Amino acid sequence: MSTSPFEHTLASEGRSYALPLTYDHSFLTLLPKDPHCVFAQWDIHESHVPSTPAKEAGAFVLRMYDIHVPLNGAENGEASAPSDTNSAADVQPFVDFPVSPRHSMYIRLTEPGRTVAAQLGLLDEEFIPLLTSNVVTTPPGRPAHADESWRGAAGARGPMFQVGPAGAHWRGESRGRAGSSDFAWSRT
Amino acid sequence: MVADVNATEGGLDVTETTGYLSIILHAHLPFIRHPEYDTFLEENWLFEAITDCYIPLLDVFAGLARDNVPWRLTMSLTPPLAAMLTDDLLMDRYDKHIAALVDLAEREVERTRSDPPLHRLACMYRDRFAHSLHAFNDVHDRNLVAAFGRWQRAGQLEIIASAATHGYLPLMEPGLAGAATQIDVGIEAYRRAFGQEPAGFWLPECGFNPPLDSLLADRGIRWFTSESHAVLHARPRPPHGVHAPIVCPRPFANGAGSGPAVFPRDTESSKQVWSATEGYPGDYDYRDFYRDIGFDLDYDYVRPWLKADVRGHTGVKYYRITGPGADKQLYEPEAATAKAALHAGNFMFNREVQARHLRGTMDRPPLIVAPYDAELFGHWWFEGPQWLDFLIRKIAYDQTTLRLITPSDYLAMHTQNHRAQPSPSSWGYGGYNEVWLNESNDWIYRHLHAAERTVHTLAMRIQNPTPLVRRALTQALRELLLAQSSDWAFIMSADTHVSYAVRRTEKHLTHCRELCRQVETDSVDEAGLADLESRHNIFPWLDYTVLRDVSATSATEGRHAPTPVSV
């Protein structure tokens, strides 16, 4: 299509349509990008963060859960997000990423077809969850095996999160440990 | 209802057919309308598509009818495109645009008199543009949507619905009604354009993610298109690859059977047409898109036909592709037409071989689904409509292996289909969401989702609105829908008209937020609202309460009782 001399019209309009840096609403959302990657975006309003030493230290973490066991009695292999308690950590493997209160990042998964969820919280001596995300299942990325049902195969698997610049892999351990600072993420 | 197809008409006898071919033309352009300017360059996208693609396709259909050639095609004509094609301002502008091109072509006829080969091409464009002007005004009464609709009522064309503003549904705010609203408004737009219920649905960019199948099932949609691996990677594994549809497990709301059927793209037939290196459109005899007199001729000569005084495409192009380099030879229409005929024969031959090979391994005739952007035919590939015309005629008279059908025809003939859950997928680069979710455009989603939440919350909360508040909320929804067009994220990713796409996103979201703020503070600015309503006037019948209808419809309730597609 023809190229656009759009810049001159922008200058002539004379008003700004800049979007706000933040909204009043705190949120944590996961969006699937492809079989091996999930995009997380979040913003937590300061009023929603309890006054703790961890808050003063800015010790926010994004805790990514690998959901391969249905939570809360969910049927049909459907997963539900971890509840806002630490009991989720006792059930689901997770990995922590140090983050800032308003940000986004791409998280690579070591395997396709995984179900994940996240919590944003403060990490001091214990994890204080503040926000819980939706649940996302990434595409399988391959044809089904002959005996694989559409509800997906159950069972524990190995470590699943892998973050870092291309060629530099860090694998989070399944019982959760804050990751290295060698992250690949995108800033908004 | 979609026209019933008698299984014995047009040779659609299941027992004799070796294979089915379903060509789907997806016609879409983003809603671009700028009454605040006398002319606006990006409006040319619509005008070029009308001249190069939509009128030529209608000409092909008319020629087939005149010659009693049987044919069956599927087409999606998205709501934003249909809205523009029925907008008085834009159609007035097209009339002026094409009349000006006739004038340009007449000048070219004069300018090239001493150069016979060039002169012949100038005459070709004069005749072509004059025909477009005549067809637009006198044959189609300035209403191309109605023109396509007539072919549906005649039984040759199946037109399907699509999302309201072609929003990329898998990336809508999770847990809210964004995708459902896009689908509901899109189906209503279809009803108003074509006077019937749609059987099929074009998911924008073939972007699929659960629970879109449930949303479509709840709304009575019987089938939708998908990328190949939606079915290839379905669970359990379908037995026929992409050559038979699957049926989603989610039942229709009235318990009438399994959910919508999914028709996946056949990659072999796609590659022959789409591939930049191997596809037909790159043939050296075909017209070169980039050598346009808007760039080649003296600036002062072409300036009256350039928007915003910047060199650009006029539509008058004299050269053929010739080869990979910059050296281009004059276009030779007869050679190009002969090549289009050859390529049509080649395509048909390959589909015959494909069908015969597959038939031996299947319990039914294989179905080859070949979806394409409609604008490929005539705009990017000048000879595309000729190719399609040749193909349809050759299929009708030069062979007996293949039959042209639509997906609805298939479901009428084959009521038992394998049930499987399709995989998330799209037909974008990479096969998933990366075109619409990457570092060039991921910033938009927090803003789109925030706007969705705000509009949705207000719609639920405001009871008994005054007429002014109702208008404001409805315009807020309109602005949100326009911001959700997948085209903006696509353009940012393609790095072409990025500033325009960013500006459209920002403007619509800002207007949406401002209108919501005015509603919340009981301070609706009626003059400002009226200005937005007149400029961003898509779906004049829209009412914000569609959001409430979506929220009120549970997963187990439906509003339609479709004919079962699977037992």
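Over the ring of which residue does the charged end of Arg63(A) sit? The answer is Phe127(A), with the charged end 4.0 Å from the ring centre. A charge counts as sitting over a ring if NZ of Lys or CZ of Arg is within 6 Å of the ring centre and within 35 degrees of the ring normal.

Before going on, a word on what you are looking at. This is a predicted model, in which local features need pLDDT of at least 70 and side-chain atom pairs count only at pLDDT 80 or more, while totals for chains, interfaces and linings use all residues. Residues are numbered from 1 along each chain as its sequence is written, chains are lettered from A and ligands numbered from 1 in the order in which they are written, and side-chain values use heavy atoms, without hydrogens and water.

Searching the whole structure gives 38 aromatic pairs over all chains; rings of Phe, Tyr and Trp (its six-membered ring) pair if their centres lie within 6.5 Å, and planes under 30 degrees apart count as stacked, over 60 as edge-to-face and the rest as tilted. One of them joins Phe61(B) and Trp151(B) edge-to-face, at 6.2 Å centre to centre and 75° between the planes. This pair links distant parts of the chain, from helix α1 (residues 44–66) to helix α5 (residues 144–154) of chain B, 90 residues apart. Helices (H or I, at least four residues) and strands (E, at least two) are DSSP runs, numbered from the N terminus. Phe61(B) is buried at 0% relative accessible area, and Trp151(B) is buried at 17%; buried means under 20%, exposed over 50% and partly exposed in between, with a 1.4 Å probe and protein chains only.

Next, follow Tyr331(B) to Phe382(B), an edge-to-face pair with 6.0 Å centre to centre and 75° between the planes. Tyr331(B) lies in the loop between α11 (299–302) and α12 (333–359) and Phe382(B) in the loop between β8 (367–373) and α13 (384–397) of chain B, so the pair ties together parts 51 residues apart in sequence. Tyr331(B) is buried, at 4% relative accessible area, and Phe382(B) is buried as well, at 8%.

Finally, ring pairs also build a cluster in chain B, whose members include Trp202(B), Trp274(B), Tyr280(B), Phe347(B), Trp387(B) and Trp427(B).
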